[in-house]
Amino acid sequence: MKVHLAFPPQRLFFVGLFLSALALFLLFPACKSTPKQRPDDQPRKIEILFLGHDSEHHPSAQYAPMLMDALSRKGINITYTQNPDDLNAENLDWYDGLMVYANHDSITPSQEKALLDFVNEGKGFIPVHCASWCFRNSDEYVALVGGQFKSHDTAVFTAEIINGEHPVTQGLQPFETWDETYIHDKHNSDRTVLMERVEGDHREPWTWVRNVGKGRVFYTAYGHDERTWGNPGFHQLMQQGILWAVGERVNALWAQLSFPEHKYEPRPTIANYEKRPQQPLYQLPFKQPESEKFIQVPPQFDLEIFAAEPDIINPIAMAWDEKGRLWVIETVDYPNEVIENEPGDDRIKICEDTDGDGKADKFTVFADGLNIPTSLVFVNGGVVISQAPDFLFLKDTDGDDKADVKEKIISGWGVFDTHAGPSNLKYGFDNQIWGTVGYSGFEGQIAGKAYKFRQGFYHFTPDVTSFEFMTSTSNNTWGLGFSETFDVFGSTANNAHSWYMGIPNRYFEGIEGIESKGSRKIAAYYPFHPITRNIRQVDVFGGFTAAAGHNLYTARAFPREYWNRIALICEPTGRLLAQGILEKDGAGFKTLDGWNLLASSDEWVAPVHAEVGPDGAVWVLDWYNFIIQHNPTPNPERGGYQAENGKGNAHENPLRDKQHGRIYRIVYKNAPEYKPLVLSKDNPKQLVRALGNDNLFWRMTAQRLLVERGNQDILSDLYKLAKNAEVDEIGLNGAAVHALWTMHGLGALSGNNDEANKVVIAALSHPAAGVRKAAAQVLPHTWWARNELMKAGLITDGDLHTRLAAFLALADMPAAEETGRALYAAISDTINLSDPWLSQALYIAAHTHQDGFMEASKDQPVPPLVETFRQNHSGPKTEINPEGDFSGKKISLKTIANQMKYDLKAFTVNAGEMVEIAFENTDLLQHNLLILAPGSLEKVGAEADKLAQDPKGMEQGYTPKMKEVLHASGLTDPKEVVRIRFKAPVNPGDYPFVCTFPGHWRMMNGIMKVVPVQ
């Protein structure tokens, strides 16, 4: 079973949002279990597998969505892959038909057999255009297609229908298009030609059908580029060809479905940020059962409704308690009903399925009178909720499931923007509460200490006796998730939908000489993949501009390829739930494009939270709202009406909905039967057993309850789990990891418990790398623990994430010359210097053990560790935030909040004089400032468009590396001031200045006029 990726050519990105909105799905083909037999008498959608190719000549990843947009509303699902290995019996059995639009040179015997068997046994085969030049090593494939491409020219033409009685062409109107004028050879006479391309006296077979065994083949030579793929006549031809190819039985089941029409009305308050030629229309909402028809999940999965309006309205966050009950936050006050000193209209509901039918039938209001709460986490018999400016602790003390305790535990969270406050509270492996915050940030006192920070991750102890800001992120942060080995991930709103924290901020304190960067964007791709072109985005067009959530699939009810590997990233502006494929990348990770787990052509569907539930299914909160955009505020120049901001700093819009909300479950069809579980502190033996559950939710819940219980009477049981040397199919031992962290939470690893010490020392050599990593992290910060860690050889561990944890653990331990010498020896391993995470961590550890490190380096060539962390590229001679007095030309330049503009369109400087620009970002988005060579705005802008899709674009500050960029500020965060100092060019002229954050350069620019010195 493999994951399939496609990376559209960068040159096509700005052909328009329609091409960017790729309507495709992640394919997990070779599931080991046999697919369940579909009932033949149940109405259902048609499932088509689309085999494409990573090709610039025929970029299938760009064209397939155009067909998807046309067919998704009609119940024809298309799943995309570029991997011929998906031609295997187990995978193909999930589909009714296979479409090929690709130029793969060859097919293997096993792939060929799977394809031929697929068709002979009654399925449909739909080769399109270049599919007739695919798999040229197989005569059987060529015969199956019915002919092979030989040559072509190009022309505008209309193919002639010569058989209008066939179901494929019946009622079809001929259509004109520009296309390649294919000539075929190796014609198979066993076919029925339906259309011909007429050129003078030549009549070329153009569209034909074949019967093969019990199956059917439909071929058309149409389809070179978007001029055909976007043609409504081609869409109709493909629909009728697919319906015929999949056969009467499937066609009849599909025909029983009833798809309501999308109805539209003009509304003046829809912003046209993308500057489309036509003003966007307002789609009327669907009732839940009708909306569900327009939601697509891969064919291996079922979509099931758990709750909907009127029982659930505007759900924004969810969590499950130890009884497996779902708790949901509803917020109708969001975004602009910010209320002070009075009850709000928001609440927390407990949703229960009491009759076992998979749907909630009991709803209990646990707490009401809330105002824009954004997340909740269970702790100490109650819940902590984030509700800026406060965190509240709510608890039910009399057993009626209604909160009767309400305490403020932290205050100081920013309130100037309601979509930039705190969220994503989670109980962590380290027995602390983790969370995120956007650019509204925090300023206040916690546990007697003053804190001030903006967007990033943090954690604190449940009793709030300590708090730590862990790492800064790039911009508005709405995602947080843990792997099963306590790797920390997140997502931020604008083009940074996957983020990894490798080193917490505290390790950089007092360290000079390296870049203090403990977290990075790791998404190695740009586009997202809607299945409708009717989406609305503020910027980062065609990419992730509202990424929310980064929970991993951490159960075992889905196929193995999901386990501890797939990040669930909601993107409500795209009406989808994306899948990020996490792959190890040295001591870090990279995230590849996994397409969608869920997508909808209903323009109201808005996934905002997705997480693995107690049953191993993926649960999804559907905000169900036509208006998702918060800010910037629409205005006529942005292609919209003149809006005003409300108290939450969101633009006021009467189309914001307060009446809908849905909760779905995505269930694998071959999932093992789920046996409901209820955990209790009164049953510690059961809690210990639950530490070995195959679902991280239950393991973490059991760990939390054992730590909250606070009794060490179960330590002997924990020792047994930690000593267990087994590993599962993907090399993990979750029970041992949680046993170690539970021991840590119970205080058994303070250094005074000899037996616990022996257990954790033994765990340093566990076969599972995740257990070794956990052991390094929970070791006490003592001299003997340092010696044992060194003795175990973790600083040379083959698993680089474990090695990273070992370096950081040594940084916390007492200094030792011997350890310093060992760290110096570690620089001989080139990976420790070339890997950005290991090189930082080694430097940090060497700082703690510097005496031995420096002693070992005597008379030895010391690698330039400091230079490892500097940007080693030639760039403009620009000073950033220079020190000292300045007597040259001073320019004050600001952004205009919510307008994607600078406050100056032009300023003047003298040729050759020193210039200092104080650039203040007053906006809520990140911006930068580039000074360009005259006449280079379009050229630099084109490179900026490409850089937006580059995984390392953010690290580069979205600043193209080209000679036309004379000076640059780097990315500037909201409310930040950056000063850049440089010498003005000696040649007079108009030098553009511009912001190259994705999607900004066309609007956000001006001119620096360089004039001769008078």
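Good morning. I begin with helix α8, whose buried residues pack against β1 (46-51), β2 (76-81) and α7 (232-245). Please bear in mind that this is a predicted model.

Helix α8 spans residues 248-255, and its buried residues are Val 250, Leu 253 and Trp 254. They cover an arc of only 100 degrees around the axis, so they sit on the same side of α8. On the face turned away from that buried side, α8 carries two exposed residues, Glu 248 and Ala 255.

Let me take Val 250, which lies in α8, as an individual case. Why does Val 250 count as buried? Its relative accessibility is 5%, and the cut-off for buried is under 20%. Neighbours within four places in sequence aside, Val 250 is in contact with Arg 44, Ile 46 and Asp 96. By contrast, 45 Å separates the C-alpha atom of Val 250 from that of Gly 639, a residue 389 positions apart from it along the chain.

I turn now to a pair of helices, α17 (residues 800-811) and α20 (residues 836-848). The crossing of α17 past α20 is left-handed.

Which residues meet here? From α17 come Leu 800, Arg 803, Leu 804, Phe 807, Leu 808, Leu 810 and Ala 811. They meet Trp 837, Leu 838, Ala 841, Leu 842, Ile 844, Ala 845 and Thr 848 of α20. By class, this contact comprises 12 nonpolar residues, 1 polar and 1 charged.

Thank you.

Terms used
Residues numbered from 1 in each chain as written. Predicted model: local features only at pLDDT ≥ 70, side-chain atom pairs only at ≥ 80, totals over all residues. Heavy atoms only, no water. Axes fitted to C-alpha atoms, helices over the stretch in contact; angles between N-to-C directions. Helix = DSSP H or I, 4+ residues; strand = E, 2+ residues; numbered from the N terminus. Left-handed = near helix turned anticlockwise from the far one by under 90°. Contact = heavy atoms within 4.5 Å. Nonpolar A, V, L, I, M, F, W, Y, C, P; charged D, E, K, R; others polar. Buried < 20%, exposed > 50% of the residue type's maximum accessible area, 1.4 Å probe, protein only. Arc of directions from axis to C-beta.
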